[in-house]
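Reader: Please take one part of this model and look at it closely. I would like its ends, its packing partners and the residues that make the contacts.

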Amino acid sequence: MPSSVSAPPGLWRRFTAAYAQFLTGLLAFSVAVIIIPVTLQMISRYTALIPAYIWTEEMARFLFIWMIMIGAMIGVREASHFEVDVWPALPRRGEAAVRIASRLGILAFALVFVVGGIEFTRFAWYRTSELADLPLWMIHIAWPVAAVTWIIFLGEQFYDEVRILFGWSTT
């Protein structure tokens with residue numbers, strides 16, 4: 001195959017791309033849905049048109065936490081998280097080594113989130129929220145789900161960076 005034509009992505013790449021697309025759609029959906037409880041909160045707080053709904057505050061908080069975690073998942077996938085350039089312009093292999101080191105830090109956080117998130121979810125498994133009586137595990141499970149997703153996306157990135165680092169990649 002000529003070097004100008006790239007090989008079709010493998011099954012794993014297609015899966016991660018589809019999963020990232022799903023997360024992007026889910027994030028857009030959650031942004032659209034959070035408008036409802038927040039709007040109800042604002043209207044009921046400042047007018048007498050509708051009764052004050054207590055569940056709206058809790059629902060907005062739950063959706064906001066999920067939006068943050070989904071956004072973090074997408075951010076890891078797209079490597080669009082906060083970066084500070086402290087190194088001068090490095091050769092391609094040097095940049096790959098720096099990115100591997102950076103992603104090892106993200107991996108460490110992901111592992112803490114997996115372990116802590118599982119315990120966090122286990123703690124909330126049989127509990128419900130005070131106002132809306134929602135099962136708390138539905139909110140707490142966001143942490144281990146985000147962490148496992150980070151690990152999946154990081155694996156793909158580590159693979160690419162190691163190939164560059166050892167000169168196995170021509171792209």
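Author: Start where helix 5 stops. Gly-167 follows helix 5, and its phi is positive, near 75°. Helices here are DSSP runs of H or I with at least four residues, strands are runs of E with at least two, and both are numbered from the N terminus.

A word on the basis. This is a predicted model, in which local features need pLDDT of at least 70 and side-chain atom pairs count only at pLDDT 80 or more, while totals for chains, interfaces and linings use all residues. Residues are numbered from 1 along each chain as its sequence is written, and side-chain values use heavy atoms, with hydrogens and water left out.

Helix 5 covers residues 142-165. Its 24 residues should span 34 Å at 1.5 Å a residue, and the end C-alpha atoms are 33 Å apart, which agrees. The expected span is 1.5 Å times one less than the number of residues.

Take helix 3 as a partner. Helix 3 (residues 92-124) packs on helix 5 at about 160°, with the axes 8 Å apart. Axes are lines fitted to C-alpha atoms, for helices over the stretch in contact, and angles run from 0 to 180 degrees between N-to-C directions. The two helices are therefore roughly antiparallel. The crossing of helix 3 and helix 5 is left-handed, meaning that the near helix is turned anticlockwise from the far one by less than a right angle; clockwise would be right-handed. By class, their contact has 23 nonpolar, three polar and five charged residues. Nonpolar covers Ala, Val, Leu, Ile, Met, Phe, Trp, Tyr, Cys and Pro; charged covers Asp, Glu, Lys and Arg; the others, Gly among them, are polar.

Helix 3 has buried residues, among them Ala-96, Ile-100, Arg-103 and Gly-117. Buried means under 20% relative accessible area, exposed over 50%, and partly exposed in between, with a 1.4 Å probe and protein chains only. Their cover includes helix 2 (55-78), helix 4 (137-140) and helix 5.

Helix 2 also packs on helix 5. The angle is about 10°, and the axes are 8 Å apart. That makes helix 2 roughly parallel to helix 5. On the helix 2 side, the residues in contact include Ile-65, Trp-66, Met-69 and Met-73; those of helix 5 include Trp-143, Ala-146, Trp-150 and Phe-153. Contact means heavy atoms within 4.5 Å. By class, this contact has 13 nonpolar, two polar and two charged residues.

Helix 1 (residues 11-46) comes next. It packs on helix 5 at about 135°, with the axes 11 Å apart. Helix 1 and helix 5 are therefore oblique to each other. This crossing, too, is left-handed. Helix 1 contributes Trp-12, Arg-13, Thr-16, Tyr-19, Ala-20 and Leu-23; helix 5 contributes Thr-149, Ile-152, Phe-153, Glu-156, Tyr-159 and Asp-160. By class, the count is seven nonpolar, two polar and three charged residues.

Phe-62 lies in helix 2. At 10% relative accessibility, Phe-62 counts as buried. Beyond its neighbours within four places in sequence, Phe-62 is in contact with Ser-129, Leu-134, Leu-136 and Ile-139.

Methods
Angles under 35 degrees count as roughly parallel, over 145 as roughly antiparallel, 65 to 115 as roughly perpendicular and the rest as oblique.
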